[in-house]
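The sequence and structure are shown first.

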Amino acid sequence: MASVKAFPTIKSIRSFVIGGVGSGGDYHNVKGGHWLIDSPISTPCSRWEKYRASRTSWGINVLGSFFVEIEASDGTVGFATGFGGPPACWLVHQHFERFLIGEDPRNTNHLFEQMYRASMFYGRKGLPVAVISVIDLALWDLLGKIRGEPVYKLIGGNTKDRIDFYCTGPDPPAAKKMGFWGAKVPLPYCPEEGHVGLKKNVEFLRKHRESVGPDFPLMVDCYMSLNVPYTIEIAKACEDLNINWWEECLSPDDTDGFEQIKRAHPTIKFTTGEHEYSRYGFRKLIEGRNLDIIQPDVMWLGGMTELLRVAAMASAYDIPVVPHASGPYSYHFVISQPNTPFQEYLANSPDGRSVLPVFGDLFVDEPIPTDGFLTAADLDKPGFGLTLNPVARAKLIPSTYLLAIPTNSLPPPVSEEKKEVNGVNGRHVEGELVGKAKA
């Protein structure tokens, strides 16, 4: 009887902060003047006027990008990028590494569960799960390279021969000219800007509708900045504009709110999901049947392993899954699943009028849509098919500097009794300062 061939195990894991701006998985860590951070966009912080001019003013890019490498015992290296910067690197090594070293990288379900459940006491959502996501993507990249197959072949093979894209950016006519089937624009003004802001939003969307004609699909991204009454009102005011969908109008936690806006406008499409995490978070969004599309981010919700679970859950409700951005990580998922009709391309050029790699110059061969689509052949390389740019390699700052905790410590505190014995506060006694610290 033939024996099963031994498979490489995980030998080491390395993490890096990506220096500078414009490279890696933090979409918003770009140069000033970029449409994504310095154009009018309604956000959860737009209610305060001083945070309306630029999204960086309230810290959307504060974490930055990071990069993970996982090396197998045969020398094969898988890698992935995401957002999280120094805190992400800390979590990789101080917590999650223990579950990886020496393990079989094929055990993606097991490894995910251990990392997720071990971090439940401080995680469940947000940064800890985003860090797990990048580790998980690096594992899938490693598996594809060891097996010599693209990731999409590992997760079911292709269900379609091409992926059609819509473009998120500031210029729908440019998106139409570049061959995208539709365009999504960010809503500029928030509810706190009152009736005047509402009127300006409607005028803004009317201008875009006129610029692309009545039949070109136009979507609106509200970035968690609206509330139920405002959403109901603006959707009604724009009924004649034929908006294809309204995206992320409410907080991801307001599941009751999604029910209310869908009840008010049953024939209008509403979507959300990029800021939701894990199958547990998506269960509520899916089972309510109040959303027409869910939009998880594979670099945030828990990686490819968790995204496949969410997609299976959504398919039981016939709800399409259209991932938020994430470049090739999303492309491999979309081409492999039956309930993924198309994909988002997030315009990475400063003016949003040209197609550039999602991850900047981090990779030399990142596939990007041409004439609004990609084919299966564009993804036919081992793993996620990405090669690290030697120029970008110089930007990678090893996280070892974060982990070198100083061994020297502060002197022990002086008790009140000792203060009284040595004298009043603030005097030097035998070369030592007691009491109040001096500048």
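Ile 146 is a residue of helix α4. The model is a predicted one. With a relative accessibility of 22%, Ile 146 counts as partly exposed, because buried means under 20% and exposed means over 50%. Apart from its neighbours within four places in sequence, Ile 146 is in contact with Phe 7, Pro 8, Ala 72, Asp 74 and Thr 76.

How far apart in space are Ile 146 and Val 355? The C-alpha to C-alpha distance is 31 Å, and the two residues are 209 residues apart in sequence.

## Helices α2 and α4

Helix α4 spans residues 127-147, and helix α2 spans residues 85-94. Their axes come within 10 Å and cross at roughly 70°. That angle makes α2 roughly perpendicular to α4, because angles from 65 to 115 degrees fall in that class. The crossing of α2 and α4 is right-handed.

On the α2 side, the contact is made by Pro 87, Ala 88, Leu 91 and Val 92; on the α4 side, by Leu 127, Pro 128, Val 131 and Ile 135. By class, the contact of α2 with α4 has 8 nonpolar residues, no polar residues and no charged residues.

## Burial of α2

Which residues of α2 are buried? They are Gly 85, Ala 88, Cys 89, Leu 91, Val 92 and His 93. Ala 88, Leu 91 and Val 92 are also among the α2 residues that meet α4. An α-helix has 3.6 residues a turn, so residues three or four places apart point the same way.

The cover over the buried residues of α2 includes α4 and the strands β1 (10-18), β2 (65-72) and β3. Helix α14 (400-403) is also part of that cover.

## Helices α8 and α9

The axes of α8 and helix α9 (residues 255-264) come within 10 Å, crossing at roughly 25°. That makes α8 roughly parallel to α9, because the angle is under 35 degrees. The crossing of α8 with α9 is right-handed.

Val 228, Thr 231 and Ile 232 of α8 make the contact with Gly 257, Gln 260, Ile 261 and Ala 264 of α9. By class, the contact of α8 with α9 has 4 nonpolar residues, 3 polar residues and no charged residues.

## Aromatic pairs

How many aromatic pairs does the structure hold? There are 18. Phe 83 and Trp 300 form one that is edge-to-face, at 5.7 Å centre to centre and with 70° between the planes. Phe 83 lies in strand β3 (residues 77-83), while Trp 300 lies in the loop between β9 (293-294) and α11 (303-315), so the pair ties together parts that are 217 residues apart in sequence. Phe 83 and Trp 300 are both buried.

Tyr 329 and Phe 359 form a tilted pair, at 5.5 Å centre to centre and with 45° between the planes. Tyr 329 is in helix α12 (residues 327-336) and Phe 359 in the loop between β10 (343-346) and β11 (373-375), 30 residues apart. Tyr 329 has a relative accessible area of 0% and is therefore buried; Phe 359, also at 0%, is buried as well. Ring pairs link Tyr 329 and Phe 359 into a cluster with Phe 16, Phe 67, Phe 79, Phe 363 and Phe 384.

## Burial of α12

Helix α12 is mostly covered, with 10 of its 10 residues buried.

## Positive phi

Most residues other than glycine have a negative phi. Met 224 is not a glycine, yet has a positive phi of about 60°. Met 224 is in the loop between β6 (218-221) and α8 (228-237). At 17% relative accessibility, Met 224 counts as buried.

Arg 289, also not a glycine, has a positive phi of about 55°. The loop between α10 (278-287) and β9 holds Arg 289. Is Arg 289 buried or exposed? Its relative accessibility is 52%, so Arg 289 counts as exposed.

Terms used
Residues numbered from 1 in each chain as written. Predicted model: local features only at pLDDT ≥ 70, side-chain atom pairs only at ≥ 80, totals over all residues. Heavy atoms only, no water. Axes fitted to C-alpha atoms, helices over the stretch in contact; angles between N-to-C directions. Helix = DSSP H or I, 4+ residues; strand = E, 2+ residues; numbered from the N terminus. Parallel < 35°, antiparallel > 145°, perpendicular 65-115°, else oblique. Left-handed = near helix turned anticlockwise from the far one by under 90°. Contact = heavy atoms within 4.5 Å. Nonpolar A, V, L, I, M, F, W, Y, C, P; charged D, E, K, R; others polar. Phe/Tyr/Trp six-rings, centres within 6.5 Å; stacked < 30°, edge-to-face > 60°. Buried < 20%, exposed > 50% of the residue type's maximum accessible area, 1.4 Å probe, protein only.
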